[in-house]
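Please read the points below beside the sequence and the model. They go from strand pairing to the helices, and then to individual side chains.

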Amino acid sequence: MTGGGTRLPVVGGAPAPGPPPGFQRIAIVGIGAVGGSLAMALRQAWPGALVIGVDASDVIEAAMRLHAIDRRF
């Protein structure tokens, strides 16, 4: 796209311009492939935010071992 448009942040790229997020806690329902990837990207982008996962016990345990989430619900 040339001209205007919105620049989206890229995981592993330069941080998006602007202020930090206006929230301290993030809850993700479903920590499978997509939810786990989202949790890891959020962890990288906003390391100070608390990431809460909602899923089955075995999935939550794996996500906590990988440090994708901080707490379970």
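1. Ile-26 has Val-51 of S2 as its bridge partner, and the two strands S1 (25-29) and S2 (50-54) pair in the parallel sense over 5 bridges. Pairing is taken here to require that DSSP finds at least two bridges between two strands, while helices (H or I, at least four residues) and strands (E, at least two) are DSSP runs numbered from the N terminus. This is a predicted model, in which local features need pLDDT of at least 70 and side-chain atom pairs count only at pLDDT 80 or more, whereas totals for chains, interfaces and linings use all residues. Residues are numbered from 1 along each chain as its sequence is written, and side-chain values use heavy atoms, with hydrogens and water left out.

2. S2 and S3 also run parallel, joined by 2 bridges, and Gly-53 has Arg-72 in S3 as its bridge partner.

3. Gly-35, Gly-36, Ala-39, Leu-42 and Arg-43 of H1 are buried, where buried means under 20% relative accessible area, exposed over 50%, and partly exposed in between (1.4 Å probe, protein chains only). These residues lie on the same side of H1 because they cover an arc of only 125° around the axis, the arc being that of the directions from the helix axis to the C-beta atoms. Ala-33 and Val-34, on the other side of H1, are exposed. The buried residues of H1 pack against strands S1 and S2, with contact meaning heavy atoms within 4.5 Å.

4. How many salt bridges does a search of the whole structure find? There are 2, a salt bridge being a side-chain nitrogen of Lys or Arg within 4 Å of a carboxyl oxygen of Asp or Glu. In one of them the side chains of Asp-70 and Arg-43 meet at 3.1 Å, N to O, and this pair links distant parts of the chain, with Asp-70 in the loop between helix H2 (57-65) and S3 and Arg-43 in helix H1, 27 residues apart. Asp-70 counts as partly exposed at 34% relative accessibility.

5. Arg-72 and Glu-61 meet through their side chains in a salt bridge of 2.1 Å, N to O. Arg-72 lies in strand S3 and Glu-61 in helix H2, so the pair ties together parts that are 11 residues apart in sequence. Both count as partly exposed, Arg-72 at 43% relative accessibility and Glu-61 with a relative accessible area of 33%.

6. Arg-71 sits in strand S3 (residues 71-72) and is exposed, with a relative accessible area of 52%. Leaving aside neighbours within four places in sequence, Arg-71 is in contact with Leu-50, Val-51, Ile-52, Gly-53 and Met-64.

7. His-67, in the loop between H2 and S3, deserves a look at its backbone: its phi is near 60°, a positive value in a residue other than glycine. Most residues other than glycine have a negative phi.
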